[in-house]
Amino acid sequence: MADVTTNMRRPSPAHASGPKPRRAFSRKNIMIYSILFVLAVYYLLPFYVMLMTSLKGLAEIRTGNIFAPPMEITFEPWAKAWATVCTGLNCDGLSRGFWNSVKITVPSVFFSIAVASVNGYALSMWRFKGANVFFTILIIGAFIPYQVMIYPIVVLLREIGLYGNLGGLVLVHTVFGMPILTLLFRNYFSSVPEELFKAARVDGARFWTIYFKIMLPMAVPIFVVAVILQTTAIWNDFLFGVIYTRPENYPMTVQLNNIVNSVTGVKEYNVNMAATLLSGVVPLTIYFLSGKLFVRGIAAGAVKG
Amino acid sequence: MSQSGKPTALFKNLSAKIAAIPMVLTALMVFVGCSVWTIIYSFTNSRLLPSAEWVGLDQYERLWGTRRWLISIENLAIYGILMLILALVIGFLLAALIDQKIRFEDGFRTIFLYPYALSFIVTGLVWQWLLNPEFGIQNAVRNLGFETFSFDPLYNPDTVLYGVLIAGLWHTSGLVMCLMLAGLRGIDEDVWKATKIDGIPAWKTYIVVVIPMMRPVFITTLVLVTSGIIKLYDLVIAQTGGGPGLASEVPAKFVFDMMFVSQNLAQGFAASTMMLVAVIFVIIPWAYLEFGGKKHG
């Protein structure tokens, strides 16, 4: 038995070295595929149920089975979730939260990446005395629970008149995105050959010229990774949204939670699930389009400083 | 070029220093400044607004005498330990299965990782719906003929944490798989060849050789998952709202409610300071293992 399993393992890059041809239906393979298949069903189930529930009428939900596909497909829950469902003050649906999230995410992603890429560039190529002290603080700061800092930040934002504004929230996202992104860019720019940098300096190029003319065009892939990482993180944020904005500016996550967990009125499960799916559309699209780059963004979090 | 006179140390590399101002401000004002501010004000009797009236350790005494805080801590400990163990085990098993030179590897990986792209709010709401006893899994199984089947973890104070755990694992295990898979792929083929020649069975190779070799990956994963656990907040808000009763309260929610709902700022400060202390206890051994060990090795 042991021999069978070890034979199957790792045919090694050199197929020429002559392991037996792989049988597609060995006992081991059947077992692996069936386990993976069952697990895949478990991971996909919530998505499937969300989708099915969102396409059913309320009557069918009450009498039927959540796993059953809809007998009569209706898109009404989607329309209602997007345009007319009520959240406390207003009844213009989740579209408000969607546009708020866009207004929050776009500038936050832009500023956090702009600041962090310059940080990473300065830290890897223009090291000045004390730079690494601040970098270390930044990395340690990434582990401080947000709860420790949220209130003093409220005070700070109030002082500069940004509390409750989108601007304040953008600033908060820029600050809290800084550790991981700076690390990402610092590691990337450290791998750029030093000769390139030296040659540019010999030619008389200065800090910003080198950054914009040489480093920026070279670092496009890492910028894409950073955009994926930040867009997903900021779109999915709940805590900062609920603390640093006013209800009319609430991002989609906060609005979604208010819709589904409101205690008043009849629970419209189909509308709730349509709303939940709508909130997941942006990160899921990014995820499916980006593929391996998404994984690279995750791995960035795991890279040691 | 610009070295006309003797540039003083301050003006050397000036552009880089100017460019680093946001980083310096973030590091000093937010990460250091705000943390210190919170710690200091945890010794005051701030209520609706921060006040400077010093009360020593009163807030901490009150905190540790508060039932809700004790429940929160206990919940986080139970959730955290189970989450760590299960996330690592499931993540590793998934990675090991995917690493068997299978077909559709990308497909499986995409399926296992997609929950991680969703927010905790979405995760919590889906699982709230699936675990709804009236319409969810329980009802579906009962419809199959198992009339007495019972599966409603969210409505029972004794089991609600496990309901949250199911959702948390669904969300996070893909991330662990991803990191573990990278670790497995980093292991030299020769290791497998050598153990194969020695006739060591695969499962034993994993336990005795591969896992010890993946120590850095395990440590990184441990730290990532742990820092996620301590932040646990959105998932509970969406899935249970802390209920039934206080049964699924967590520290992060306690802090938020004290600061922004109950107008009891100093209690929030004291509680968040305790969270910071907990993190320090996790980080220091890790930093020691990671960076202390490297210098000698």
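This is a predicted model: local features need pLDDT of at least 70, side-chain atom pairs count only at pLDDT 80 or more; totals for chains, interfaces and linings use all residues.
Visitor: How many helices and strands does the secondary structure of chain A contain?
Guide: Helices (H or I, at least four residues) and strands (E, at least two) are DSSP runs, numbered from the N terminus. On that basis, chain A comes to 15 helices and zero strands.

Visitor: What percentage of the residues of chain A count as buried?
Guide: A residue is buried if 20 or more other C-beta atoms lie within 10 Å of its own, exposed if 12 or fewer, and partly exposed in between, with C-beta atoms placed from the backbone. Chain A has 305 residues, and the buried share is 43%.

Visitor: Which residues of helix α13(A) are buried?
Guide: Helix α13 of chain A spans residues 252–260, and eight of its nine residues are buried, so this helix is largely enclosed by the rest of the structure. The cover includes α5 (95–125), α11 (220–236), α12 (239–244) and α14 (269–290) of chain A, together with α6 (120–130) and α12 of chain B. The buried residues are A:M252, A:T253, A:V254, A:Q255, A:L256, A:N257, A:I259 and A:V260.

Visitor: How far apart are the centres of domain 1 and domain 2 of chain A?
Guide: Domain bounds come from an automatic or database domain assignment. For chain A that assignment gives domain 1 (22–74) and domain 2 (95–302). Taken over C-alpha atoms, the separation of their centres is 34 Å.

Visitor: Which helix gives the most to the side of domain 1 of chain A that touches domain 2 of chain A?
Guide: Two residues are in contact if their C-beta atoms, placed from the backbone, lie within 7 Å. Eight residues of domain 1 of chain A are in contact with seven residues of domain 2 of chain A. On the domain 1 side, α2 (27–54) and α3 (58–63) of chain A each supply at least two residues. The most, four residues, is given by α2(A).

Visitor: Which helix of chain B gives the most to the side that touches chain A?
Guide: Between the chains, 79 residues of chain B are in contact with 75 residues of chain A. The side of chain B has 55 nonpolar, 16 polar and eight charged residues, where Ala, Val, Leu, Ile, Met, Phe, Trp, Tyr, Cys and Pro count as nonpolar, Asp, Glu, Lys and Arg as charged, and the others, Gly among them, as polar. With twelve residues, the helix that gives the most is α2 (residues 21–41) of chain B.

Visitor: Is α5(B) oblique or roughly antiparallel to α8(B), and why?
Guide: Axes are lines fitted to C-alpha atoms, for helices over the stretch in contact, and angles run from 0 to 180 degrees between N-to-C directions. Angles under 35 degrees count as roughly parallel, over 145 as roughly antiparallel, 65 to 115 as roughly perpendicular and the rest as oblique. The axes of α5 (residues 105–117) and α8 (residues 160–185) of chain B come within 7 Å and cross at roughly 120°. That angle makes the arrangement of α5(B) to α8(B) oblique.

Visitor: What is the handedness of the crossing of α4(B) and α11(B)?
Guide: A crossing is left-handed if the near helix is turned anticlockwise from the far one by less than a right angle, and right-handed if clockwise. Helix α4 (residues 67–98) and helix α11 (residues 215–230) of chain B pack at an angle of about 145°, with their axes 10 Å apart. Their contact has eight nonpolar, three polar and no charged residues. The crossing is right-handed.

Visitor: Which residues make the contact of α8(B) with α11(B)?
Guide: The axes of α8(B) and α11(B) come within 10 Å and cross at roughly 165°, which makes α8(B) roughly antiparallel to α11(B). The crossing is right-handed. The contact is made by B:T172, B:V176, B:L179, B:M180 and B:G183 of α8(B) and B:V217, B:T220, B:T221, B:V225 and B:G228 of α11(B).

Visitor: Is B:G243 buried or partly exposed?
Guide: B:G243 lies in the loop between α12 (234–239) and α13 (251–260) of chain B. Because B:G243 has 15 C-beta neighbours inside 10 Å, this residue counts as partly exposed.

Terms used: Residues are numbered from 1 along each chain as its sequence is written. Chains are lettered from A and ligands numbered from 1 in the order in which they are written.
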